[in-house]
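Student: I have a new model open and would like to learn to read it one feature at a time. Could you walk me through it?

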Amino acid sequence: MIFSFIIWTIVSLIFLIIGISCRKAKEAVGFFTFAKAPSVRDVNGYNHAVSNLWFVFSVLLELLGVPLLFLEQNSPYFLFVSILSIFLVIGLILVYMKIEAKYR
């Protein structure tokens with residue numbers, strides 16, 4: 001299960017890199033692919049808030065993947081990890097909606 005944890009870690013690092021690029025952006029960033037960036041009053045504050053959102057998401061996603069190190073192959077607990085990751089993404093979207101409403 002080490003291989004699956006390595007892939008999980010790579011995905012978490014990709015989200016961390018997205019957070020770093022959001023923090024360094026000079027213009028308002030879009031939330032995800034093909035999303036137009038909203039017009040915001042404080043671009044720097046908005047970008048930092050979105051960046052922090054991606055940082056927290058990547059850390060929580062990595063922590064959610066730690067059980068992959070200890071599970072046996074075809075364990076029913078994979079379903080639990082998958083469902084929790086879905087709720088994590090839903091939480092990410094809800095927090096972003098609050099960030100967008102604050103800076104709009």
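Tutor: Helices (H or I, at least four residues) and strands (E, at least two) are DSSP runs, numbered from the N terminus. Here, Ala 49 sits in helix α2, which covers residues 43–65. This is a predicted model, in which local features need pLDDT of at least 70 and side-chain atom pairs count only at pLDDT 80 or more, while totals for chains, interfaces and linings use all residues. Residues are numbered from 1 along each chain as its sequence is written, and side-chain values use heavy atoms, with hydrogens and water left out.

Student: Is Ala 49 buried or exposed?

Tutor: Buried means under 20% relative accessible area, exposed over 50%, and partly exposed in between, using a 1.4 Å probe and protein chains only. Ala 49 has a relative accessible area of 17%, so it counts as buried.

Student: Which residues is Ala 49 in contact with, leaving aside neighbours within four places in sequence?

Tutor: Contact means heavy atoms within 4.5 Å. By that rule, Ala 49 meets Ile 99 and Tyr 103.

Student: How should I read a nonpolar core?

Tutor: In soluble globular proteins, nonpolar side chains tend to be buried together. A nonpolar core is a set of buried Ala, Val, Leu, Ile, Met, Phe, Trp, Tyr and Cys residues joined through side-chain atoms within 4.5 Å. In this model the largest one has 21 residues, and Tyr 46, Val 50, Trp 54 and Ile 99 have the most contacts inside it. Helices α1 (2–24), α2 and α3 (77–103) each supply at least two residues of this core, with α2 giving the most, eight residues.

Student: What about a polar residue such as Ser 51?

Tutor: Ser 51 is also in helix α2, and its relative accessible area is 0%, so it is buried. A polar contact is a pair of N or O atoms within 3.5 Å; within protein, one must be able to donate a hydrogen and the other to accept it, and residues adjacent in sequence count only if both atoms are side-chain atoms. A polar atom of the Ser 51 side chain lies 2.8 Å from the backbone oxygen of Gly 19. Not counting residues up to four places away in sequence, Ser 51 touches Gly 19, Cys 22 and Arg 23.

Student: Where is Cys 22 found?

Tutor: Cys 22 belongs to helix α1 and is buried at 5% relative accessibility. Cys 22 and Ser 51 are 29 residues apart in sequence, yet 5.3 Å apart in space, C-alpha to C-alpha.

Student: How many salt bridges does a search of the whole structure find?

Tutor: A salt bridge is a side-chain nitrogen of Lys or Arg within 4 Å of a carboxyl oxygen of Asp or Glu. The search finds one: the side chains of Glu 100 and Arg 104 meet at 2.6 Å, N to O. Arg 104 has a relative accessible area of 52%, so it is exposed.
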